Amino acid sequence: MAGKERPNILICGTPGTGKSITSQEVADRTGLHLIDVGMVAKENNLFEGWDEQYECPILDEDKVVDELEGTMGNGGNVVEYHSCEFFPERWFDAVFVLRADNTVLYDRLKKRSYSEKKISENIQCEIFQSILEEARESYPEGVVHELVSNLPEDLDRNVEAICDIVDNWSSDMR
């Protein structure tokens, strides 16, 4: 992805860690184009079925990659999605994994009316650092950044940290 003028960043994490608000704030402050993968999938019907167990659509990852390929090649994007392993490594200059304390996460998911089973599985995912480990296995050292997202002050600090990296990025950093 040589030659792009602005970085591509990914903000990921367990549901309820603050990806949406963090991504929106970063996009607003940096002028990066916000890509909510869930919305892109919904708008373009990029699903391959329905998961009865988790009561949600099954994302067709290949279709998502095909849909975003041209946009990502230009740079200047902040992508929001809960996982990261299916995106091509070459797309992202920085990956931010938001983490939350289990009690904070429980309360947030409960407010969303998640079932106890879905809450439990998401809490377990956070306990085992599943998304953080997935990111570390999928991207080179130095690309992945772990950010705590428990309090309103964390949001401000995280947005500031991400914006600093975006503002100080140059294409020769890769």
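Trainee: Which residues line the largest cavity?

Mentor: Keep in mind that this is a predicted model. The general idea is that rolling a probe the size of a water molecule over the atoms shows where empty space is left. Here the lining of the largest cavity is made up of Gly 13, Thr 14, Val 97, Leu 98, Arg 99, Cys 125, Glu 126, Gln 129, Ser 130, Ile 131 and Leu 132. Strand 6, helix 5 and helix 6 are the elements that give two or more residues to that lining.

Trainee: How many cavities of 30 Å³ or more does the search find?

Mentor: Searching the whole structure turns up 1. The largest cavity holds about 40 Å³ of space. Sorted by class, its lining has 5 nonpolar, 4 polar and 2 charged residues.

Trainee: And how much space lies in the largest pocket?

Mentor: About 1200 Å³. The lining takes in 33 residues, and those closest to the pocket's centre are Pro 15, Cys 56, Tyr 81, His 82 and Tyr 114. As for elements, helix 1 (19-30), helix 2 (37-44), strand 3 (47-51), strand 4 (56-59), helix 5 (116-127) and helix 6 (130-138) each give two or more residues to it. The class count for this pocket's lining is 13 nonpolar, 9 polar and 11 charged.

Trainee: You brought up Tyr 114. What lies over the face of its ring?

Mentor: That's Lys 118, at 4.8 Å from the ring centre.

Trainee: Which strands pair with strand 6?

Mentor: Strand 1 (residues 8-13) is one partner, running parallel to strand 6 over 5 bridges. Strand 7 (residues 144-148) is another, also parallel and joined to strand 6 by 5 bridges. Phe 96 is a handy landmark in strand 6: Ile 11 stands opposite it, and so does His 145 of strand 7.

Trainee: What about the aromatic rings? How many pairs does the structure hold?

Mentor: There are 7 aromatic pairs. Take Phe 87 and Phe 92, an edge-to-face pair with 5.6 Å from centre to centre and 80° between the planes. Trp 91 and Phe 92 are edge-to-face too, at 6.2 Å centre to centre and 75° between the planes. Ring pairs also tie Tyr 81, Phe 86, Phe 87, Trp 91, Phe 92 and Tyr 139 into a cluster.

Trainee: Why does Phe 87 count as buried?

Mentor: Because its relative accessibility is 3%, and buried means under 20%. Phe 92 is buried as well, at 0%. Trp 91 is also buried.

Methods: Residues numbered from 1 in each chain as written. Predicted model: local features only at pLDDT ≥ 70, side-chain atom pairs only at ≥ 80, totals over all residues. Heavy atoms only, no water. 1 Å grid on protein atoms, 1.4 Å probe; cavity = no way out; pocket = protein on both sides within 12 Å on 5 of 7 lines; lining within 4 Å. Points joined across faces, edges and corners; volume = space filled by probe spheres on them. Helix = DSSP H or I, 4+ residues; strand = E, 2+ residues; numbered from the N terminus. Nonpolar A, V, L, I, M, F, W, Y, C, P; charged D, E, K, R; others polar. Pairing = 2+ DSSP bridges. Phe/Tyr/Trp six-rings, centres within 6.5 Å; stacked < 30°, edge-to-face > 60°. Buried < 20%, exposed > 50% of the residue type's maximum accessible area, 1.4 Å probe, protein only. Lys NZ or Arg CZ within 6 Å of the ring centre and 35° of its normal.
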